[in-house]
Amino acid sequence: MFKPTNRNVLVTLPKKKEDGDSGVLLPDGFQKKAEFQVAEVVSYASDCKVVWRKGNYIVFPSNMLQQFSVQDSQISIISENYILGYVN
């Protein structure tokens, strides 16, 4: 399992919902991206300043999310200083 370091928080993203047809023509491959995103905390680095709880939901700017693959698993992390707040 991936262990975050350097004040990073490992998160899972909610499943995307398919929006219905709005009647507006958009280019192929266009994806609307929200300014902010919500994700669930899975684990966090030992040097984080906040003790995050597994299952808390955090809010952060969408463009600060880092995603990559490790051993066929999709990893999503956010640096602790980009977290705007959380919900229990």
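Student: Let's start with Ser46. Buried or exposed?
Tutor: Ser46 counts as exposed, because its relative accessibility is 80%. The cut-offs: buried is under 20% relative accessible area, exposed is over 50%, and partly exposed is in between, with a 1.4 Å probe and protein chains only.

Student: Where is Ser46 found?
Tutor: In the loop between β2 and β3. Strands are DSSP runs of E, at least two residues, numbered from the N terminus.

Student: And how far apart are Ser46 and Phe36?
Tutor: They are ten residues apart in sequence and 25 Å apart in space, C-alpha to C-alpha.

Student: What kind of model is this?
Tutor: It is a predicted model, where local features need pLDDT of at least 70, side-chain atom pairs count only at pLDDT 80 or more, and totals for chains, interfaces and linings use all residues. Residues are numbered from 1 along each chain as its sequence is written, and side-chain values use heavy atoms, with hydrogens and water left out.

Student: What is the mean pLDDT of the chain?
Tutor: The mean is 90, and 92% of the residues reach 70 or more. pLDDT is the predictor's confidence in each residue, from 0 to 100.

Student: Back to the strands. What does β3 pair with?
Tutor: β3 (residues 57–61) runs antiparallel to β2 (residues 36–44), joined by five bridges. Phe36 stands opposite Pro61 in β3. β3 is also joined to β6 by three bridges, again antiparallel. There, Val59 stands opposite Gly85 in β6. Pairing needs at least two bridges found by DSSP between two strands.

Student: And which strands form a hairpin?
Tutor: β4 and β5, with two residues between them. Gln71 in the turn has a positive phi of about 50°. The strands cover residues 66–70 and 73–79, and pair in the antiparallel sense over five bridges. Gln67 stands opposite Ser76 in β5.

Student: New topic: Pro4. Buried or exposed?
Tutor: Pro4 counts as buried, because its relative accessibility is 8%. Pro4 lies in the segment before β1 (8–12).

Student: What is Pro4 in contact with?
Tutor: Leaving aside neighbours within four places in sequence, Leu10, Ser43, Tyr44 and Ala45. Contact means heavy atoms within 4.5 Å.

Student: How far apart are Pro4 and Lys33?
Tutor: In space, 25 Å, C-alpha to C-alpha; in sequence, 29 residues.

Definitions and conventions:
Helix = DSSP H or I, 4+ residues; strand = E, 2+ residues; numbered from the N terminus.
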